Amino acid sequence: MHAYRKELRVAELAVQRACILTQKVFHEKTKGTLSKDDKSPVTIGDFGAQALIIHAIRKNFPTDEIVGEEEASSLRENKELSHQIWELVKETRLDDETSEDVTGGPIKDEWQMLQSIDEGKGAGGGSGRIWALDPVDGTKGFLRGGQYAVCLALIDDGHVKVGVLGCPNLPFDDSAPLSADVGNGEGRGVLFSASLGGGATSRPLSQGALSSGQQIHMKHVPDITQATFCESVEAGHSSHTDQATIAKKLGITRDSVRMDSQAKYASIARGAGDLYLRLPVRADYQEKIWDHAAGDLIVREAGGHVTDAEGRRLDFSKGRTLSENKGVVAAPKAVHERVLEAVISVLANK
Ligand code: AMP
Ligand code: MG
């Protein structure tokens, strides 16, 4: 039996169930149930997704550590918000009974939900089994109806073994041209997953049992000048200026495609784009493990190589952050070195 098979299945189903919740939150918001500038829809989505996913991990792997982005202290003080989240969480289920059971079934009550959220306070590190969870990555994308991702990865003794990304606004079609545009929402919603040595797959997100996955691969890039690179929408998260200079140095003429969240890793892994550049804007920023663990494995299992801006592999053994890394450079194996050379020379000449 393939290693981490059960972990992969639990993670896929837990992420799929959490995506049902985030989509519901977004839908309610656009229907005007919640006020437009109110930040709470995001908060609801984040907390609700975290509660559901941690519940599933706890039921299946009670002794594993969890490093999640959110914690519940603000909810314990804001009862109304807590109730709102509970209303959503308690009605979110997969419509296939066996799959729903795998995710741990319903959470008992609101108190239990808050307990679940608070179990994401793990410190991380280089030994044992640690789940890294970002319940809604790309909050700004989520708000603007763009890309966001529900992200979950299992790190064992410092190495990512399982990675799952739920991307409700990416198109089903792996070969659809890379675009930040989400159209009218038809034909969208993809679950990406990978286990170490087991390859990477994509499949449409469903409301019930997992649909069948298909293997994904990065695109062959015979001519780097024809590559498409993606980067964050937010200029505060990575340096658009440095990234443009690097692209120019490589002879890339196409504009970058900007999208929020780990949907960038997923997009290059399926060959919709080629490169992902994330050059630091601030020397002291430490990337969070939950923003990269799943994407790192999915890209590598699809035939890519992922390093930081200095060529080091991302090191997930240092705690909640990637304290030993600066930035991210992800590319197909065959061209990564070439891209990294350009990155290093641009940074050296700043
Ligand atoms: P993206 O959607 O790719 O722009 O990345 C979103 C993630 O960027 C969020 O989940 C934050 O954890 C992270 N983030 C916040 N501030 C910074 C920063 N100064 N540099 C890099 N990443 C950041
Ligand atoms: Mg995030």
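Q: Which residue is the bridge partner of phenylalanine 229 in β10?
A: Strands of a sheet pair through backbone hydrogen bonds, either parallel or antiparallel. Here, phenylalanine 229 is partnered with leucine 275 of β10. Two bridges join β8 (residues 229-231) to β10 (residues 275-278), and these strands run parallel. Two strands count as paired if DSSP finds at least two bridges between them. Strands (E, at least two residues) and helices (H or I, at least four) are DSSP runs, numbered from the N terminus.

Q: What should I know about the numbers before going on?
A: This is a predicted model, where local features need pLDDT of at least 70 and side-chain atom pairs count only at pLDDT 80 or more, while totals for chains, interfaces and linings use all residues. Residues are numbered from 1 along each chain as its sequence is written, chains are lettered from A and ligands numbered from 1 in the order in which they are written, and side-chain values use heavy atoms, with hydrogens and water left out.

Q: In what order do the five strands of the open sheet stand?
A: The order is β9-β8-β10-β12-β11, with mixed pairing. At the edges are β9 (257-258) and β11 (304-307), each with a single partner strand, so one side of each has no neighbour in the sheet.

Q: Which strands does helix α8 touch?
A: Helix α8 (residues 240-249) packs on this sheet and touches β8, β9 and β10 (contact means heavy atoms within 4.5 Å). Its direction makes about 170 degrees with that of β8. Axes are lines fitted to C-alpha atoms, for helices over the stretch in contact, and angles run from 0 to 180 degrees between N-to-C directions. Helix α10 (residues 293-301) also packs on the sheet, touching β11 and β12 (328-332), at about 145 degrees to β11.

Q: Which residues coordinate the magnesium ion (ligand 2)?
A: Donors are N, O and S atoms within 2.8 Å of the metal (3.2 Å for Na, K and Ca); water is not among the atoms, so sites may look incomplete. Asp134, Asp137 and Asp291 coordinate the magnesium ion (ligand 2) through OD atoms at 2.0 to 2.3 Å. Aspartate 137 lies in strand β2 (residues 129-137) and aspartate 291 in the loop between β10 and α10, so the pair ties together parts 154 residues apart in sequence.

Q: Is aspartate 137 buried or exposed?
A: Buried means under 20% relative accessible area, exposed over 50%, and partly exposed in between (1.4 Å probe, protein chains only). Aspartate 137 is buried at 10%, and aspartate 291 is buried at 14%.
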